[in-house]
Amino acid sequence: MQLSVSTASELGSSHSDVRFVVGQERQEVFAHRCLLACRCNFFQRLLSSEPGPGVPSPVVLSTVPAEAFLVVLEFLYTNSAKLQRHSVLEVLTAAVEYGLEELRELCLEFVVKALDVELVCEALQVAVTFGLGQLQERCVAFIEAHSQETLRTRGFLELSAPALLPLLRSDKLCVDEAELVLAARSWARVGAAVLERPVAEVAAPVVRELRLALLAPAELSALEEQNRREPLIPVEQIVEAWKCHALRRGDAARGTPCRRRRGTLPREHHRFLDLPFK
């Protein structure tokens, strides 16, 4: 059985006893109170009050899109669900919020099989938001293998700082540090525009994970000059990178990350760093 908006509406007026108004589109969806309460604790709590006489007021669920909500109903009615790539993460979010473990597992299995460059950052964001550790690991591993392509996507620019952190901490990114610095700046600019905050303030939670000592002196000088025009990186972090160059030691400044990533391009000074790629 596959539910649709039209089917739900046709059944609604004469056969259902609960009416939902769903999503930003405020779509009316009709269902059966007893079935939902029996199948899902979330709906049992939500629908615990008995409807009064007359036409009951609708239950408003504004945060879940109507298409995803209909998939949830399909699962509750039939114990199966027809998942689509473009909406599976919204269904997964609803499944987590409603405590539907079986539907959550179906969605996770679907997402892992469907992962590609365009989907992976959005999936990573959902995984970090809801503490889905295995999905987060799969997303990070995918991005590590497809780093350059992923950094160019809109999804990367829309990551939250907590979702970006595991990427910047990874040794296995297949991208050079110079490109990663550029990507971090683009990410911070987008966040600054959305949040109406300074670029440096948006970047502060993640920028320490950039490994500036991997850059050659000329690259570091250019970065320093750009940083004067558009602050992104704390001055002391750049100073620490210069110390590594001056003393020719990777541990010259405590906390300075000098370990090479998988995609780090070789530079002459790398032979002086004490922390090789692992």
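Me: Is Phe20 buried or exposed in this structure?
Reply: In this predicted model, Phe20 has a relative accessibility of 0%, and because buried means under 20% relative accessible area, Phe20 counts as buried.

Me: And what about Phe43, buried or exposed?
Reply: Phe43 is buried as well, with a relative accessible area of 0%.

Me: How many aromatic pairs does the structure hold?
Reply: There are six aromatic pairs in the structure, and one of them is formed by Phe20 and Phe43, whose ring centres are 5.9 Å apart and whose planes stand at 75 degrees, which makes the pair edge-to-face.

Me: OK, why is the pair of Phe42 and Tyr98 called stacked?
Reply: The ring centres of Phe42 and Tyr98 are 4.4 Å apart and the planes are at 20 degrees; planes under 30 degrees apart count as stacked, and therefore this pair is stacked.

Me: Which parts does that pair tie together?
Reply: Phe42 lies in helix 3 while Tyr98 lies in helix 5 (residues 88-98), so the pair ties together parts that are 56 residues apart in sequence, and both Phe42 and Tyr98 are buried.

Me: Which residues do the ring pairs link into a cluster?
Reply: The cluster linked by ring pairs consists of Phe20, Phe42, Phe43, Phe69 and Tyr98.

Me: New topic: what sits over the ring of Phe75?
Reply: That is the charged end of Arg39, which is placed 5.3 Å from the centre of the Phe75 ring.

Technical notes. Residues are numbered from 1 along each chain as its sequence is written. This is a predicted model: local features need pLDDT of at least 70, side-chain atom pairs count only at pLDDT 80 or more; totals for chains, interfaces and linings use all residues. Side-chain values use heavy atoms; hydrogens and water are left out. Rings of Phe, Tyr and Trp (its six-membered ring) pair if their centres lie within 6.5 Å; planes under 30 degrees apart count as stacked, over 60 as edge-to-face and the rest as tilted. Buried means under 20% relative accessible area, exposed over 50%, partly exposed in between (1.4 Å probe, protein chains only). Helices (H or I, at least four residues) and strands (E, at least two) are DSSP runs, numbered from the N terminus. A charge sits over a ring if NZ of Lys or CZ of Arg is within 6 Å of the ring centre and within 35 degrees of the ring normal.
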